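This briefing covers the charged contacts, aromatic pairs, surface and backbone of one protein model. Please keep the sequence and the structure in view while reading.

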Amino acid sequence: IRFIGAGADPEFANGSNGLMARVKYVFSFYSIIDLMAIVPFYVAVYMPNGWIDQHDEYFRMARLFRLLKLDKYVPSISLVDDVLRLKKKVLVVASYAAVTLWILFTAAMFEVEKNDDEIEIDPLPLYGCVEDCSMSDRYNNYFNSIPLTGIHLTGDFPLIEYGARGRVILFFAVIAAVGVVSIPSGVIASGFAEIVQTRNKTKGTTERDAGAVAGDDWYDIQYRNLEGQPPPPSIFGPQMDALQIKAKEYLDGRVDETTGLVSRTQFSSTGRLLFFSLIITNVAAILLESIPEIDKNVGNASGNFFDVFEAFSVFFFTADYLLRLLSARKSREALYSPWVYSRTFFGLVDLVSILPWYIQVALTSTGHVISGDEAKIFRIFRIFRVLQLEDFIVAFTKLDNVFRASKDVLKATGLMAVIIWVGTSALFFIFEANNPNFRECDGSIPLTGTEDEPGCYDFESTLACNEFYPDMCSQAFFT
């Protein structure tokens, strides 16, 4: 369909006849991706038992190139060259520093590990060692040391069997890795943000309301619109209004309209301190209850310390939740609505922190015996009470604003991350599926053998090993 329609596509038909437009399309980037994904299938069908058919599982991987077509909808990979040009000078300097450090640390690691025969490691058939291997087999020459040192300079530490001198060098290598990785990463991320934001500006943006900021959603807009508006009166009369105002002042204090300062009564300050203390002690109780020795000493009988403390905490958190629902009609943060409050971050956290306890009590009262695993599930929900600290330090409630303000950059970088992730996974499968370093065989099979009786590491693939020794060979990784 795309081939037929290429004659009418301005990208290919501009200044060309129908034939040339279709020729241009065939050699275009997205056409090549489509051909790589489908041609091997048809070749294998019409040439059975041919080379392509025999390596069909590898050619199927070519279908993953279709992921690149998503770039047409969410630009990501196509922005890489723009980012590299935009940040060329900084990246050149960072690359020079990274290569220099790589060369120096490789030389140092080669010198200290080439004679390290003390620490035994797993067999390394690709390095020519199948028994009593050590780091000296990995670092047996400068060139073999390059990729291993490069891995450490990314901040990763998959190899740990080093001697004292190697660990000292790698200590400084990991420190250097912070600069080697973070500086280029930060520069590239900044470049993506600049390019995506510039492209979005060229598309045109709607005018924001006064006081609006990037990442505002429905709640932020409604909250801003209520500025200066008094809370609505209660349908239950002035006495309910007064009660709601008192509850609001107890929970959040009284705000001075001229200075914006918050003042609290002694009763309100005490309640706030108790609320904060209960959150901290509840989290501590959850951690202590997970320690078998403490849990055993306290006991699991009804009325034990943890159960009593839990019941008291739930009572206080429930009272706080009900007061907030009551005072929501006088709270601009709840948009003067209990229903809105119940769906805000704070409302959901307050509900999740108490609801599991009531469910557990209800199940127990109906005769349901709660097993140990079920009890653990209810305990896990209690850890959500730590999110109630958001009332004291704002953090999570602003995350959604950050995501919305950066959604275009996150889409671009997220898609590119998925493409790289899936693509490199496929490459690792193709190139490492039969790596003898990851092969395991039955104890009766020798590691290396003769032509008549080959060993575990003598086969080109794990499949060939299993053909000779049925169901006695396995691949530990990249299967």
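How many salt bridges does the structure hold? The structure holds eight salt bridges, a salt bridge being a side-chain nitrogen of Lys or Arg within 4 Å of a carboxyl oxygen of Asp or Glu. The model is predicted, so that local features need pLDDT of at least 70 and side-chain atom pairs count only at pLDDT 80 or more, whereas totals for chains, interfaces and linings use all residues. Residues are numbered from 1 along each chain as its sequence is written, and side-chain values use heavy atoms, with hydrogens and water left out.

**Asp241 and its salt bridge**

- Asp241 lies in helix α13, which covers residues 238-252; helices (H or I, at least four residues) and strands (E, at least two) are DSSP runs, numbered from the N terminus.
- Asp241 forms a salt bridge with Lys330, and the closest N and O atoms are 2.9 Å apart.
- This pair links distant parts of the chain, with Asp241 in helix α13 and Lys330 in the loop between α16 and α17, 89 residues apart.
- Asp241 counts as buried because its relative accessible area is 16%; the classes are buried under 20% relative accessible area, exposed over 50% and partly exposed in between (1.4 Å probe, protein chains only).
- Lys330 has a relative accessibility of 12% and therefore also counts as buried.
- Leaving aside residues up to four places away in sequence, Asp241 touches Pro232, Pro233, Ser234 and Lys330, where contact means heavy atoms within 4.5 Å.

**Other salt bridges**

- Arg324 forms a salt bridge with Asp252, the closest N and O atoms being 3.4 Å apart.
- The two partners belong to distant parts of the chain: Arg324 is in helix α16 and Asp252 in helix α13, 72 residues apart.
- Arg324 is buried, with a relative accessible area of 12%, whereas Asp252 is partly exposed at 23%.
- A network of salt bridges links Lys248, Asp252, Asp320 and Arg324.
- Arg254 and Glu249 have side chains that meet in a salt bridge, at 3.1 Å from N to O.
- Glu249 counts as partly exposed, since its relative accessibility is 25%.

**Aromatic pairs**

- Rings of Phe, Tyr and Trp (its six-membered ring) pair if their centres lie within 6.5 Å; planes under 30 degrees apart count as stacked, over 60 as edge-to-face and the rest as tilted.
- By this rule the count comes to 17 aromatic pairs.
- One of them joins Phe316 and Phe317, which are edge-to-face because their ring centres are 6.4 Å apart and their planes stand at 75 degrees.
- Phe316 is buried, with a relative accessible area of 14%, and Phe317 counts as buried at 1%.
- Tyr321 and Tyr341 form a tilted aromatic pair, 6.3 Å from centre to centre with 40 degrees between the planes.
- This pair links distant parts of the chain: Tyr321 is in helix α16 (residues 305-327) and Tyr341 in helix α17 (residues 338-343), 20 residues apart.
- Both Tyr321 and Tyr341 are buried.
- Phe428, Phe438, Phe477 and Phe478 are linked by ring pairs into a cluster.

**Nonpolar surface patch**

- Leu35, Ile38, Val39, Phe41, Tyr42, Val45, Tyr46 and Met47 make a nonpolar surface patch of about 820 Å².
- Patches are made of residues with over 30% relative accessible area and no salt bridge, with like charges joined within 9 Å and nonpolar side chains (Val, Leu, Ile, Met, Phe, Trp, Tyr) within 5 Å.
- Accessible areas come from the Shrake-Rupley method with a 1.4 Å probe, and for residues only the protein chains shown count as cover.
- Val45 has its place in helix α4 (residues 29-46) and is partly exposed, with a relative accessible area of 48%.

**Backbone with positive phi**

- Most residues other than glycine have a negative phi.
- Tyr336, although not a glycine, has a positive phi of about 60 degrees.
- Tyr336 sits in the loop between α16 and α17 and is buried, with a relative accessible area of 9%.
- Asp471, also a residue other than glycine, has a positive phi near 55 degrees.
- Asp471 is placed in the loop between α22 (462-468) and β6 (473-475) and counts as exposed at 77% relative accessibility.
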